[in-house]
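Here is a note for someone opening this structure for the first time. Please keep the view open while you read.

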Amino acid sequence: MISSFYENKKEINKQLEAIYSQILPGNCKSCANCCSESVGASFTEAANIYVYLLENSLFTPDLKKAIMVYYLDIYQKRNKCPFLDKTKRCKIYEVRPLNCRLYGHWLKDDYESNLKRLHKQALDISKEFNENGYEVSKEYLDFQIPYCHDFIGELYDLSFRNRLYDRLVNIDSGFIISNNLEIDYADKGIVEHIAGLLFDTEAIDKLRFENKLTDKLRRRLIKIAEHIIPKVYINK
Ligand code: SF4
Ligand code: SF4
C-alpha cells in the first residue's frame, strides 16, 4: 500500500495541503501539552508521515523504540506522542496531521463535548476488553488533555472541522478504491498506523489480549524494535 501511495504521492500531497491551508496560523506557546498522546490521523496522512520519516532518515532506533513502547502501553498508560523531541519540537511538523493543526482552534464547548465522546469511547473499549478477560487501566480511561487557553487565533466550529474531516475521508476512500486496497479503516492514532507499517501489530494485539505480554517479552520487543528496518515499498 505504501508503494501505491508513492505512485500517488504528489497528487495526495496536493490534496492534503489544500485541506491544511484552510487553517489560519495563530500564536501558540509551544508548550506541547497537546502532544501528550498520539492523535488520530487518516490513512493517507499516516502514509505521508511514514514516507516523510523514511525520506528524512528519521526512523532512528530511539524513535522506533518509542513507537513500540507507545503501542505496547496503549491501554495501560498514555505516553507522550513519540514524535515529540526532547526540546518539545515535533519531528514531523511539516507533515503533522489535521488534528494537530486544529488543536488550538477548538471552541471550549465543542472541546468539552469531544472529551465526553472520547471518554465514552474508552469506556466502551474497556467493557469489550473486560468481557474478553483483558483489563485496561484507570489511567487509560481517565486520561484527558485539558482545553488549551493559551493559543491565540481563529476558533473553528464543528461544521468547519467536519468539512475538513470529510475531505480527509474522501482522499482516503479515493486512494483505497482506486488502488483496490484492503485497509482496516478504523479510527486510529498516528502511532497505531505507523506501528502497523513497522511491526506485526496483529501478533502483538493477540499476545496482549491473551495476557501473554510479560515484562520479559515486552523488553525483548522494545529491543527488537530498535533494530527493525522500515520497509521501503517503492514501485518505480
Ligand atoms: S496549541 Fe495550546 S496546548 Fe498545544 S502547544 Fe500550542 S499552546 Fe500548547
Ligand atoms: S505529531 Fe507532532 S504536533 Fe502532533 S501530537 Fe505528535 S508531536 Fe505533537
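1. **Ground rules.** This is a predicted model, in which local features need pLDDT of at least 70, side-chain atom pairs count only at pLDDT 80 or more, and totals for chains, interfaces and linings use all residues. Residues are numbered from 1 along each chain as its sequence is written, and chains are lettered from A and ligands numbered from 1 in the order in which they are written.

2. **Overall make-up.** The chain has 10 helices and 0 strands. Its order from the N terminus is α-α-α-α-α-α-α-α-α-α. The radius of gyration is 18 Å, close to the 18 Å from the globule rule for 236 residues, so the chain is as compact as a globular protein of that length. Helices (H or I, at least four residues) and strands (E, at least two) are DSSP runs, numbered from the N terminus. The radius of gyration is taken over C-alpha atoms, and the globule rule is 2.2 Å times the number of residues to the power 0.38.

3. **Extent and burial.** The C-alpha trace spans about 50 × 45 × 35 Å along its principal axes. Of the 236 residues, 23% count as buried. Buried means 20 or more other C-beta atoms within 10 Å of the residue's own, exposed means 12 or fewer, and partly exposed is in between, with C-beta atoms placed from the backbone. Among contacts between residues at least 6 apart in sequence, 88% join residues at least 24 apart. A contact needs C-beta atoms, placed from the backbone, within 7 Å.

4. **Helix 7.** This helix covers residues 158-178; at 1.5 Å a residue its 21 residues should span 30 Å, and its end C-alpha atoms are 30 Å apart, which agrees. The expected span is 1.5 Å times one less than the number of residues. Which residues of helix 7 are buried? They are Leu 168, Ile 171 and Phe 175. They cover an arc of only 55° around the axis, which puts them on the same side of helix 7. The arc is that of the directions from the helix axis to the C-beta atoms. An α-helix has 3.6 residues a turn, so residues three or four places apart point the same way.

5. **Around helix 7.** Its buried residues pack against helix 1 (2-20), helix 2 (43-55) and helix 4 (98-102). The face turned away from the buried side carries exposed residues, among them Ser 159, Asn 162, Arg 163 and Asp 166. Just after helix 7, Asn 180 takes a positive phi of about 50°.

6. **Helix 8.** In helix 8 (residues 190-198), 7 of the 9 residues are buried, so it is largely enclosed by the rest of the structure. The buried residues include Glu 192 and His 193. Helix 2, helix 3 (61-73) and helix 9 are what the buried residues of helix 8 pack against.

7. **Helix 3.** The 13 residues of helix 3 should span 18 Å, and the end C-alpha atoms are 18 Å apart, which agrees. Lys 64, Tyr 70 and Tyr 71 are among its buried residues. Those buried residues pack against helix 8, helix 9 and helix 10 (215-227).

8. **Two ligands.** A residue is near a ligand if its C-beta atom, placed from the backbone, lies within 6 Å of it. Residues around ligand 1 include Cys 28, Cys 31, Cys 34 and Cys 148. That shell divides into 7 nonpolar, 3 polar and 2 charged. Around ligand 2 are residues including Cys 35, Cys 81, Cys 90, Cys 100 and Arg 96. Its shell has 9 nonpolar, no polar and 1 charged. Ala, Val, Leu, Ile, Met, Phe, Trp, Tyr, Cys and Pro count as nonpolar, Asp, Glu, Lys and Arg as charged, and the others, Gly among them, as polar.

9. **Loop residues.** Ala 32 is in the loop between helix 1 and helix 2. Its phi is near 70°, a positive value in a residue other than glycine. Ala 32 is partly exposed, with 16 C-beta neighbours inside 10 Å. Asn 211 lies in the loop between helix 9 and helix 10. Asn 211 has a positive phi of about 55°. With 10 C-beta neighbours inside 10 Å, Asn 211 counts as exposed.

Methods: Two residues are in contact if their C-beta atoms, placed from the backbone, lie within 7 Å.
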